[in-house]
Amino acid sequence: MSTELKSAAAVSHPNIAFIKYWGNRDHHLRIPASGSISMNLGRLETRTRVTFNPALTADRLILNGEPTSGKQLQRVQTFLDHVRRLAGIDLYAEVESKNDFPTGAGIASSASAFSALALAAAAAAGLQLSEAELSRLARRGSGSACRSVPGGFVEWLAGEDDQSSYAVSIAPADHWDLVDIVAVISQVHKPTGSTEGHALAETSPLQKARLKSAPARLEQCRTAILRRDFEALAEVSELDCNLMHAVMMTGARRLLYWQPATIELMHAAGEWRRSGIPVFYTIDAGPNVHLICPAAEADRVAAAAAQIQGIKEVLQAPAGSAAHLLAEEVNL
Ligand code: PMV
(Lines give C-alpha, C1' and ligand atoms only; values in the text may rest on other atoms or scores of the structure.)
Protein backbone atom coordinates (compact mmCIF):
# COMPACT_ATOMS: atom_id res chain seq x y z
CA MET A 1 0.00 0.00 0.00
CA SER A 2 1.23 3.47 -0.92
CA THR A 3 2.31 5.83 1.87
CA GLU A 4 2.28 8.90 -0.34
CA LEU A 5 -0.28 11.73 -0.17
CA LYS A 6 -1.92 12.26 -3.54
CA SER A 7 -3.69 15.55 -4.00
CA ALA A 8 -5.38 17.56 -6.79
CA ALA A 9 -7.80 20.52 -6.93
CA ALA A 10 -10.34 21.58 -9.54
CA VAL A 11 -12.87 24.31 -10.23
CA SER A 12 -16.27 24.04 -11.93
CA HIS A 13 -19.32 26.20 -12.67
CA PRO A 14 -22.94 25.21 -12.07
CA ASN A 15 -25.23 25.14 -15.13
CA ILE A 16 -28.81 26.05 -16.08
CA ALA A 17 -30.71 23.75 -18.45
CA PHE A 18 -32.79 25.12 -21.36
CA ILE A 19 -33.92 21.57 -22.19
CA LYS A 20 -34.35 19.76 -18.89
CA TYR A 21 -33.23 16.41 -17.49
CA TRP A 22 -36.11 14.83 -15.52
CA GLY A 23 -36.42 11.06 -15.31
CA ASN A 24 -33.94 8.21 -15.75
CA ARG A 25 -33.64 5.16 -17.95
CA ASP A 26 -31.29 3.71 -15.29
CA HIS A 27 -31.50 5.24 -11.82
CA HIS A 28 -28.34 3.65 -10.42
CA LEU A 29 -26.09 4.75 -13.31
CA ARG A 30 -28.02 8.02 -13.82
CA ILE A 31 -28.66 7.33 -17.50
CA PRO A 32 -31.33 9.91 -18.39
CA ALA A 33 -34.59 9.14 -20.16
CA SER A 34 -33.79 11.93 -22.68
CA GLY A 35 -31.01 14.34 -23.61
CA SER A 36 -30.70 17.88 -22.22
CA ILE A 37 -29.00 21.19 -23.11
CA SER A 38 -27.57 23.79 -20.71
CA MET A 39 -25.34 26.81 -20.28
CA ASN A 40 -22.56 26.88 -17.68
CA LEU A 41 -22.91 29.73 -15.21
CA GLY A 42 -19.71 31.78 -15.17
CA ARG A 43 -18.65 33.79 -12.08
CA LEU A 44 -20.29 31.17 -9.81
CA GLU A 45 -17.78 28.49 -8.80
CA THR A 46 -17.19 25.35 -6.77
CA ARG A 47 -13.56 24.67 -5.86
CA THR A 48 -12.65 21.21 -4.59
CA ARG A 49 -9.44 19.56 -3.39
CA VAL A 50 -9.13 15.78 -3.01
CA THR A 51 -6.27 14.25 -1.02
CA PHE A 52 -5.87 10.46 -0.85
CA ASN A 53 -4.10 9.94 2.44
CA PRO A 54 -2.78 6.60 3.84
CA ALA A 55 -3.23 7.96 7.39
CA LEU A 56 -7.05 8.23 7.01
CA THR A 57 -9.36 5.43 8.23
CA ALA A 58 -12.46 6.83 6.46
CA ASP A 59 -13.35 9.42 3.80
CA ARG A 60 -13.92 12.97 5.05
CA LEU A 61 -15.92 15.79 3.44
CA ILE A 62 -15.43 19.41 4.49
CA LEU A 63 -18.01 21.64 2.84
CA ASN A 64 -17.56 25.42 3.10
CA GLY A 65 -15.31 24.87 6.12
CA GLU A 66 -17.68 22.50 7.99
CA PRO A 67 -17.13 18.73 8.33
CA THR A 68 -20.21 16.85 7.05
CA SER A 69 -21.81 13.51 7.87
CA GLY A 70 -24.93 11.54 6.91
CA LYS A 71 -26.36 11.41 3.39
CA GLN A 72 -24.13 14.15 1.96
CA LEU A 73 -20.96 12.32 3.05
CA GLN A 74 -22.35 8.94 1.94
CA ARG A 75 -22.99 10.20 -1.58
CA VAL A 76 -19.37 11.40 -1.85
CA GLN A 77 -18.07 8.10 -0.39
CA THR A 78 -20.01 6.12 -3.02
CA PHE A 79 -18.52 8.36 -5.69
CA LEU A 80 -14.98 7.90 -4.30
CA ASP A 81 -15.51 4.10 -4.18
CA HIS A 82 -16.14 4.24 -7.92
CA VAL A 83 -12.95 6.31 -8.49
CA ARG A 84 -10.94 3.88 -6.32
CA ARG A 85 -12.24 0.94 -8.37
CA LEU A 86 -11.30 2.68 -11.64
CA ALA A 87 -7.81 3.57 -10.36
CA GLY A 88 -7.15 0.32 -8.47
CA ILE A 89 -6.31 2.11 -5.22
CA ASP A 90 -7.60 1.58 -1.68
CA LEU A 91 -6.76 4.87 0.11
CA TYR A 92 -9.37 7.02 1.84
CA ALA A 93 -9.61 10.67 0.91
CA GLU A 94 -10.22 14.06 2.41
CA VAL A 95 -12.45 16.20 0.18
CA GLU A 96 -12.48 19.93 0.83
CA SER A 97 -15.04 21.89 -1.19
CA LYS A 98 -16.14 25.53 -1.31
CA ASN A 99 -18.91 27.29 -3.21
CA ASP A 100 -18.57 31.01 -3.86
CA PHE A 101 -22.34 31.29 -4.32
CA PRO A 102 -24.75 31.12 -1.40
CA THR A 103 -25.81 27.53 -0.61
CA GLY A 104 -29.57 27.34 -0.89
CA ALA A 105 -29.69 30.30 -3.32
CA GLY A 106 -31.65 28.08 -5.66
CA ILE A 107 -28.66 27.28 -7.80
CA ALA A 108 -28.14 23.54 -7.95
CA SER A 109 -24.71 23.10 -6.36
CA SER A 110 -24.63 19.35 -7.03
CA ALA A 111 -23.70 19.94 -10.71
CA SER A 112 -20.58 22.02 -10.01
CA ALA A 113 -19.84 19.93 -6.89
CA PHE A 114 -19.65 16.56 -8.67
CA SER A 115 -18.01 18.03 -11.77
CA ALA A 116 -15.18 19.57 -9.68
CA LEU A 117 -15.00 16.39 -7.57
CA ALA A 118 -14.70 14.19 -10.69
CA LEU A 119 -11.75 16.20 -12.03
CA ALA A 120 -9.94 16.50 -8.68
CA ALA A 121 -10.54 12.88 -7.57
CA ALA A 122 -9.52 11.41 -10.96
CA ALA A 123 -6.30 13.47 -11.03
CA ALA A 124 -5.45 12.70 -7.39
CA ALA A 125 -6.04 8.98 -8.06
CA GLY A 126 -3.63 9.12 -11.01
CA LEU A 127 -6.31 8.53 -13.66
CA GLN A 128 -5.79 10.23 -17.02
CA LEU A 129 -9.26 10.72 -18.43
CA SER A 130 -10.57 12.49 -21.55
CA GLU A 131 -13.27 15.19 -21.25
CA ALA A 132 -15.95 12.63 -22.22
CA GLU A 133 -14.68 10.18 -19.59
CA LEU A 134 -14.66 12.90 -16.93
CA SER A 135 -18.21 13.87 -17.92
CA ARG A 136 -19.30 10.21 -17.58
CA LEU A 137 -17.63 10.04 -14.18
CA ALA A 138 -19.30 13.29 -12.97
CA ARG A 139 -22.67 11.89 -14.13
CA ARG A 140 -22.37 9.10 -11.53
CA GLY A 141 -22.47 11.71 -8.75
CA SER A 142 -25.29 13.87 -10.10
CA GLY A 143 -26.76 13.66 -13.61
CA SER A 144 -26.59 17.36 -14.40
CA ALA A 145 -22.92 17.41 -13.23
CA CYS A 146 -21.88 15.77 -16.51
CA ARG A 147 -22.95 19.03 -18.26
CA SER A 148 -20.63 21.16 -16.07
CA VAL A 149 -17.50 19.36 -17.31
CA PRO A 150 -17.37 20.76 -20.92
CA GLY A 151 -17.44 24.55 -21.50
CA GLY A 152 -20.06 27.09 -22.58
CA PHE A 153 -23.26 25.69 -24.13
CA VAL A 154 -23.45 21.96 -23.53
CA GLU A 155 -25.54 18.98 -24.65
CA TRP A 156 -25.83 15.78 -22.62
CA LEU A 157 -26.13 12.93 -25.11
CA ALA A 158 -28.55 10.65 -23.27
CA GLY A 159 -27.01 7.43 -24.60
CA GLU A 160 -28.24 4.07 -23.43
CA ASP A 161 -25.53 2.82 -21.12
CA ASP A 162 -22.64 4.06 -18.98
CA GLN A 163 -20.32 4.28 -21.98
CA SER A 164 -22.60 6.30 -24.27
CA SER A 165 -24.08 8.81 -21.76
CA TYR A 166 -21.95 11.98 -21.45
CA ALA A 167 -21.97 15.68 -22.32
CA VAL A 168 -20.23 17.66 -25.08
CA SER A 169 -19.82 21.38 -25.74
CA ILE A 170 -21.93 22.62 -28.66
CA ALA A 171 -20.56 26.20 -28.50
CA PRO A 172 -17.94 27.94 -26.34
CA ALA A 173 -18.89 30.45 -23.62
CA ASP A 174 -18.04 33.46 -25.80
CA HIS A 175 -20.34 32.25 -28.61
CA TRP A 176 -23.31 34.20 -27.19
CA ASP A 177 -23.37 36.85 -24.43
CA LEU A 178 -26.45 35.48 -22.63
CA VAL A 179 -26.83 36.15 -18.90
CA ASP A 180 -28.78 34.16 -16.32
CA ILE A 181 -30.50 36.51 -13.84
CA VAL A 182 -31.41 34.31 -10.88
CA ALA A 183 -34.39 35.70 -8.94
CA VAL A 184 -34.14 34.04 -5.52
CA ILE A 185 -37.54 33.50 -3.93
CA SER A 186 -36.64 30.92 -1.30
CA GLN A 187 -33.34 29.92 0.28
CA VAL A 188 -34.90 26.94 2.01
CA HIS A 189 -33.70 23.47 0.95
CA LYS A 190 -36.17 21.71 -1.31
CA PRO A 191 -38.35 19.11 0.41
CA THR A 192 -37.94 16.58 -2.42
CA GLY A 193 -34.45 16.35 -3.89
CA SER A 194 -33.91 15.63 -7.56
CA THR A 195 -32.70 12.02 -7.09
CA GLU A 196 -36.13 11.19 -5.62
CA GLY A 197 -37.84 13.42 -8.20
CA HIS A 198 -36.30 11.58 -11.17
CA ALA A 199 -37.76 8.31 -9.83
CA LEU A 200 -41.24 9.87 -9.65
CA ALA A 201 -41.15 11.19 -13.24
CA GLU A 202 -42.26 7.90 -14.82
CA THR A 203 -45.36 7.82 -12.57
CA SER A 204 -46.80 10.86 -14.38
CA PRO A 205 -49.06 10.01 -17.34
CA LEU A 206 -47.53 13.05 -19.09
CA GLN A 207 -43.92 11.82 -19.02
CA LYS A 208 -44.38 9.56 -22.09
CA ALA A 209 -45.55 12.48 -24.22
CA ARG A 210 -42.78 14.70 -22.87
CA LEU A 211 -40.13 12.11 -23.78
CA LYS A 212 -41.61 11.43 -27.20
CA SER A 213 -41.39 15.08 -28.18
CA ALA A 214 -37.97 15.70 -26.55
CA PRO A 215 -35.81 15.00 -29.66
CA ALA A 216 -37.62 17.79 -31.58
CA ARG A 217 -37.04 20.28 -28.73
CA LEU A 218 -33.37 19.29 -28.45
CA GLU A 219 -32.97 19.94 -32.18
CA GLN A 220 -34.76 23.33 -31.94
CA CYS A 221 -32.67 24.37 -28.95
CA ARG A 222 -29.34 23.29 -30.49
CA THR A 223 -30.17 25.15 -33.71
CA ALA A 224 -31.33 28.28 -31.83
CA ILE A 225 -28.04 28.37 -29.89
CA LEU A 226 -25.89 27.84 -32.99
CA ARG A 227 -27.79 30.63 -34.83
CA ARG A 228 -28.03 32.88 -31.75
CA ASP A 229 -31.79 33.00 -32.40
CA PHE A 230 -33.14 34.41 -29.11
CA GLU A 231 -36.86 34.15 -29.94
CA ALA A 232 -36.52 30.47 -30.90
CA LEU A 233 -34.49 29.71 -27.75
CA ALA A 234 -37.05 31.54 -25.59
CA GLU A 235 -39.97 29.63 -27.07
CA VAL A 236 -38.50 26.14 -26.81
CA SER A 237 -36.98 26.73 -23.33
CA GLU A 238 -40.22 28.00 -21.75
CA LEU A 239 -42.14 25.13 -23.34
CA ASP A 240 -39.64 22.55 -22.09
CA CYS A 241 -39.65 24.04 -18.58
CA ASN A 242 -43.46 23.96 -18.46
CA LEU A 243 -43.50 20.34 -19.65
CA MET A 244 -41.08 19.29 -16.89
CA HIS A 245 -43.15 21.06 -14.24
CA ALA A 246 -46.35 19.51 -15.62
CA VAL A 247 -44.74 16.08 -15.10
CA MET A 248 -43.61 17.09 -11.60
CA MET A 249 -47.14 18.17 -10.68
CA THR A 250 -48.83 15.00 -11.96
CA GLY A 251 -46.75 12.11 -10.57
CA ALA A 252 -47.63 9.59 -7.84
CA ARG A 253 -46.58 12.29 -5.38
CA ARG A 254 -47.29 15.88 -6.36
CA LEU A 255 -44.22 18.09 -6.68
CA LEU A 256 -45.43 21.68 -6.90
CA TYR A 257 -42.37 23.90 -6.63
CA TRP A 258 -43.89 27.22 -7.71
CA GLN A 259 -44.68 30.01 -5.24
CA PRO A 260 -46.84 33.08 -5.99
CA ALA A 261 -43.69 35.10 -6.86
CA THR A 262 -42.61 32.35 -9.28
CA ILE A 263 -45.84 32.73 -11.27
CA GLU A 264 -45.64 36.49 -11.07
CA LEU A 265 -42.21 36.39 -12.71
CA MET A 266 -43.44 33.96 -15.39
CA HIS A 267 -46.12 36.50 -16.32
CA ALA A 268 -43.67 39.40 -16.09
CA ALA A 269 -41.18 37.70 -18.45
CA GLY A 270 -43.97 37.35 -21.05
CA GLU A 271 -45.01 40.99 -20.64
CA TRP A 272 -41.41 42.23 -20.85
CA ARG A 273 -40.87 40.17 -24.01
CA ARG A 274 -44.05 41.54 -25.62
CA SER A 275 -42.85 45.07 -24.79
CA GLY A 276 -39.61 44.41 -26.71
CA ILE A 277 -37.17 43.27 -23.97
CA PRO A 278 -35.61 39.93 -25.00
CA VAL A 279 -35.99 37.75 -21.88
CA PHE A 280 -37.42 34.33 -21.01
CA TYR A 281 -37.80 32.24 -17.87
CA THR A 282 -36.76 28.78 -16.85
CA ILE A 283 -37.25 27.07 -13.46
CA ASP A 284 -35.55 24.02 -11.89
CA ALA A 285 -36.72 21.85 -8.98
CA GLY A 286 -37.49 24.82 -6.74
CA PRO A 287 -39.41 28.13 -6.75
CA ASN A 288 -36.59 30.38 -7.99
CA VAL A 289 -36.80 31.83 -11.50
CA HIS A 290 -33.89 32.01 -13.94
CA LEU A 291 -34.42 34.91 -16.36
CA ILE A 292 -32.27 34.56 -19.46
CA CYS A 293 -31.43 37.65 -21.53
CA PRO A 294 -28.61 39.20 -23.61
CA ALA A 295 -25.90 40.98 -21.55
CA ALA A 296 -27.06 44.40 -22.80
CA GLU A 297 -30.43 43.89 -21.03
CA ALA A 298 -29.10 42.25 -17.86
CA ASP A 299 -29.11 45.26 -15.51
CA ARG A 300 -32.57 46.37 -16.67
CA VAL A 301 -34.04 42.86 -16.21
CA ALA A 302 -32.31 42.38 -12.83
CA ALA A 303 -33.66 45.73 -11.58
CA ALA A 304 -37.20 44.92 -12.77
CA ALA A 305 -37.08 41.45 -11.15
CA ALA A 306 -35.88 42.93 -7.84
CA GLN A 307 -39.05 45.10 -7.76
CA ILE A 308 -41.34 42.07 -7.60
CA GLN A 309 -42.68 41.24 -4.17
CA GLY A 310 -41.17 38.10 -2.66
CA ILE A 311 -37.79 38.35 -4.46
CA LYS A 312 -35.06 38.06 -1.81
CA GLU A 313 -31.95 38.42 -3.93
CA VAL A 314 -30.96 38.71 -7.59
CA LEU A 315 -27.74 37.13 -8.94
CA GLN A 316 -26.25 37.48 -12.43
CA ALA A 317 -24.17 34.87 -14.28
CA PRO A 318 -22.85 34.97 -17.87
CA ALA A 319 -21.95 31.83 -19.85
CA GLY A 320 -19.07 29.99 -18.16
CA SER A 321 -16.09 27.91 -19.24
CA ALA A 322 -15.23 24.22 -18.78
CA ALA A 323 -14.22 22.63 -15.47
CA HIS A 324 -10.45 22.54 -15.03
CA LEU A 325 -7.70 21.52 -12.64
CA LEU A 326 -6.08 24.15 -10.42
CA ALA A 327 -2.34 24.47 -9.79
CA GLU A 328 -1.27 22.42 -6.75
CA GLU A 329 -0.29 25.50 -4.67
CA VAL A 330 -3.59 27.40 -5.18
CA ASN A 331 -5.68 27.94 -2.03
CA LEU A 332 -9.34 27.01 -2.40
O1 PMV B 1 -28.60 16.40 -11.59
P2 PMV B 1 -29.85 16.38 -10.76
O3 PMV B 1 -30.19 14.99 -10.33
O4 PMV B 1 -29.75 17.36 -9.63
O5 PMV B 1 -31.07 16.84 -11.67
C6 PMV B 1 -31.24 18.13 -12.17
C7 PMV B 1 -32.65 18.38 -12.52
C8 PMV B 1 -33.03 19.77 -12.96
O9 PMV B 1 -32.16 20.74 -12.41
C10 PMV B 1 -34.44 20.06 -12.46
C11 PMV B 1 -33.07 19.89 -14.48
C12 PMV B 1 -31.72 19.97 -15.19
O13 PMV B 1 -31.66 19.47 -16.33
O14 PMV B 1 -30.77 20.57 -14.65
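Visitor: How much area do domain 1 and domain 2 bury between them?
Guide: In this predicted model, the two domains bury about 3300 Å² between them, and 65% of that lies on carbon and sulfur atoms.

Visitor: Which three residues of domain 1 supply more of that than any other three?
Guide: That would be F18, K20 and W22, which supply 27% of the area that domain 1 buries against domain 2.

Visitor: And how many residues are in contact?
Guide: On the domain 1 side there are 35, and they are in contact with 50 residues of domain 2.

Visitor: Let me back up. Where does the domain assignment put the two domains?
Guide: Domain 1 is given as 6-174 and domain 2 as 176-318. Taken over C-alpha atoms, their centres are 23 Å apart.

Visitor: Back to the interface, then. How many salt bridges are there between the domains?
Guide: The count is two. K20 turns up here too: its side chain meets that of D284 in a salt bridge, at 2.7 Å from N to O.

Visitor: Which elements give two or more residues to the side of domain 1 that touches domain 2?
Guide: Four strands do: β2 (15-19), β5 (36-40), β10 (153-157) and β11 (166-171). F18, from the trio above, falls within the range of β2 (15-19).

Visitor: And what is that side of domain 1 like by class?
Guide: It has 18 nonpolar, eleven polar and six charged residues.

Notes: Residues are numbered from 1 along each chain as its sequence is written. This is a predicted model: local features need pLDDT of at least 70, side-chain atom pairs count only at pLDDT 80 or more; totals for chains, interfaces and linings use all residues. Side-chain values use heavy atoms; hydrogens and water are left out. Domain bounds come from an automatic or database domain assignment. Contact means heavy atoms within 4.5 Å. Buried area is the accessible area (1.4 Å probe) that two parts lose on being put together, summed over both. A salt bridge is a side-chain nitrogen of Lys or Arg within 4 Å of a carboxyl oxygen of Asp or Glu. Ala, Val, Leu, Ile, Met, Phe, Trp, Tyr, Cys and Pro count as nonpolar, Asp, Glu, Lys and Arg as charged, and the others, Gly among them, as polar.
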